[in-house]
Amino acid sequence: MSDTHAQTVAYVRDSMTEQREPPVAQSGAVKWTRENLFSTPLNIALTIVGLWLIWVILSHVLPWAFMGIWDADSLSQCREIRDELYGADVSVACWAVISERWEQLLFGFYPPELYWRPVLAFVLFLAAIAPILFASLPRKMLWLSAASPFVMFWLIWGGSLWVPICVALGFAVGWAAVRFAGPKVGALGGILLAIALPVLYWALIAEPLAGALQSIIPLGLESVESREMGGFMLALIIGIAGIVLSLPLGIMLALGRQSDLFIINKSSVIFIEVIRGVPLIVWLFTASLLLNYFLPPGTNFDLMLRVIIMVTLFASAYIAEVVRGGLAALPKGQYEAGDALGLDYWKSMRLVVLPQALKISIPGIVNTFIGLFKDTTLVVFIGLLDPIGLSNAIRASTEWNGIYWELFVFIGLCFFIFCFSMGRYSLFLEKKLRREHR
Amino acid sequence: MTTMTDPPGQGFRLSQLIYDTRYRSLTIQVVAMIVLMLLFSWLVSNTIANLNALGKDFDFGFLGQPSGYDINQRLIEYDSQSTHLRAAVVGILNTLLVAFLGCVLATVLGVIAGVLRLSNNWLVSRLMAVYVEGFRNVPLLLWIVLIFALMTESTPAPSAFRGDDPASSMILDAVAITNRGVYIPAIHFAAPFFENGLYNWLVILVVLAIAIFAVKRVNHWAGVKQEATGVRPTTWYLNIGIIVLPIAILFVLMGAFLDLPALQGFNFGGGVHLRGSLIALWLALSLYTGAFIAEIVRGGILAISKGQSEAAFALGLRPSTTMNLVILPQALRVIIPPLISQFLNLTKNSSLAIAVGYMDARSTLGGITINQTGRELEGMLLLGLFYLVLSLVISGVMNVYNNSVKLKER
């Protein structure tokens, strides 16, 4: 074999040639450009149009933004500085309105010496939400999450420390009813007691108790009225309160819509469809104009509270639909497994179905929250000072009359940062959940 | 064996209502019903008490009274002597107008952006990503206010078009973009069939519908022929002729001519005046919803597995045929349901018209009418009902379409 072979092969290379670089057109930046920007005539045209578009936008926006004036007292002063520096026909931003009014845009008319309170509340919120968002954090932190609504309320509105403590005690009463009275009166009775006792407690005992404790040990912060709050703080308060309160309500509605019980099913469907069929702005006007009609004569409460109630009802309908999607996505075997183990309805929901369904629906819930957070700007129409309302108020002042784009850019950027990071979190979660299912 | 049967004589016990699953669901429903009724009656009795305290009644008679206010954009005859009901109808038509225009433009923008975001051109796909993320993550209200400010602050006043060497000029001598709105050419008829202009357009619309039906027949015929012979007859010139010719003949018969906007006095006259509020609302709604639709379209196309297009190529189909016959029909099934909810969102978001003073249903029925008559309860009820019915109708119509493209499973 080898002999014949040696005869037929005329030449055998005994050393390798130098390895050559790939052709310039087939490697590095040139290859990338050719493949990604100039592969076909259509792509070339698109690239040129895209570059032209970028040039048009950036050539206007960049000089305007970077030549902007940060230090002035009013728009007219801004213009004077501009005329001195660049001449009258150059358009530059007057960022001075932001550097002068950013605190107002963030906090509204909250007393400046108390700014640390909402900031602390926000930090607390981040700490409280962290264990819910990231499963790797220690589970003990969930206690902080449970306590944080009350602490945040106290920090923002101030007043006696005993009020949130006494309200929180109501939940302890409910828990105690399930824990200790439940085994004696049966599961259903336990649930009824857990609802009835805290309601009775809040209606009759909580307020005198807080007053009495306050008179014995006065503890508290200077209280701040709701109408002094505004800007992004308001958007965050309404958004966070709305989502936290609407989550349990939305889950109940979703369960109601899945239920076989005719009346409960139909009333959930009607509630969800009516709420979703009407724009939020109509509901907000309902809150500001009509809510007092539906409540006992003489009741009159805070506009912000009314808005939070309306936003909660609104968001709960949307969350119900998201959670329903999660419930529907679960294989039927999971429900049957719950039944086969002999769990009753609530136990099988709590231990088997809901943990899985909620996990699937978290991205949808986050998206609902993004929508809700953006929708908080609508409260401007019923007289609350959200960021857009404040931008109108700033424009109405004599110093800053006629200033538009700087305020819009600032507000838009703040919203963008919030919503974009939430959107990324939702994507991260989707990826993580998908990996777990594989 | 006898121990297995129930002891006789033990009838219905009250505790069965709670502990027997056969009766428990009934108990729960009855209790829920009673609670709901109590809640409802509590709300109604509160409302009655509050209305009595204010000396008001619950009456829709105000709808027949003269409204006493003007509406700057009206699609039907209306003046301040017309009734509140007519004012409401004018507002409703304005809502429908902006919702319809918005849905159309948003779909176009969304499809283009969604497809371009999947383009293998890096620059274009990044640009579209910036568009989508930018619009999705900033409140719609801010976009409406911003575009309205652009329309009123950055566009020239009509006086800038005056003189021999004007500061601004009209686009193609036909479209004028001013801070009072956009003026576009209008089509008028010299010899109309009807006095009322609306009917003329209705005639054209009917003819157009017949023409489209005819085109469908032609395509059906071409399909039958293709099935029989394997060769599809060329139909595009026939189709264009069927659509264009009758309309053109109608236009000639009615003596259609273009009415170009022109500077008259301090303002533009002639043509159609699109108010800044309408333009701002329309553009903002379309751009915002378009960003969401782009994501839906992208998701829909990505949801079709690569094997489908590979199979089509293996069968020898061209890329365009692959898109039309293989990818799109399947992608549409994924795209349509969320698209419906985006249309619904756009329609509901059109109520943000309040930010720019566009006279939609909320501004007339739910705004000025309520303020003038003091009928908050009735006005908001009607307004809510209008939006609810509109939502149900849109989702109903779209569901019919959705069912027609749905996967037919056996």
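**View 1. Transmembrane annotation on chain B.** The unreviewed UniProt entry places the feature "transmembrane region" at residues 23-44, 87-116, 128-151, 198-215, 236-258, 278-297 and 380-401 of chain B. Please keep in mind that the model shown is predicted.

**View 2. Two of the annotated spans.** Residues 87-116 of chain B are 100% helix and 0% strand, and the C-alpha atoms at the ends of this span are 43 Å apart.

**View 3. The side of chain B that touches chain A.** Here 45 residues of chain B are in contact with 45 residues of chain A. The elements of chain B that give two or more residues to this side are helix 2 (21-54), helix 4 (122-136), helix 5 (140-153), helix 10 (319-349), helix 11 (361-373) and helix 12 (376-405). Helix 2 of chain B provides the largest share, twelve residues. By type, the residues on this side of chain B are 27 nonpolar, 13 polar and five charged.

**View 4. Helix 4 against helix 8 in chain B.** Take a look at how helix 4 of chain B packs on helix 8 (residues 276-303) of chain B: the angle is about 120 degrees and the axes are 8 Å apart. The two helices of chain B are therefore oblique to each other, and their crossing is left-handed.

**View 5. Residues at the helix 4 and helix 8 contact.** From helix 4 of chain B come Met128(B), Tyr131(B), Val132(B), Phe135(B) and Arg136(B), which meet Leu287(B), Tyr288(B), Ala291(B), Phe292(B), Ala294(B) and Glu295(B) in helix 8 of chain B. Nine residues of this contact are nonpolar, two are charged and none is polar.

Notes: Residues are numbered from 1 along each chain as its sequence is written. Chains are lettered from A and ligands numbered from 1 in the order in which they are written. This is a predicted model: local features need pLDDT of at least 70, side-chain atom pairs count only at pLDDT 80 or more; totals for chains, interfaces and linings use all residues. Two residues are in contact if their C-beta atoms, placed from the backbone, lie within 7 Å. Helices (H or I, at least four residues) and strands (E, at least two) are DSSP runs, numbered from the N terminus. Ala, Val, Leu, Ile, Met, Phe, Trp, Tyr, Cys and Pro count as nonpolar, Asp, Glu, Lys and Arg as charged, and the others, Gly among them, as polar. Axes are lines fitted to C-alpha atoms, for helices over the stretch in contact, and angles run from 0 to 180 degrees between N-to-C directions. Angles under 35 degrees count as roughly parallel, over 145 as roughly antiparallel, 65 to 115 as roughly perpendicular and the rest as oblique. A crossing is left-handed if the near helix is turned anticlockwise from the far one by less than a right angle, and right-handed if clockwise. UniProt positions are given in the numbering used here, feature names are shortened, and annotations may be inferred rather than shown by experiment.
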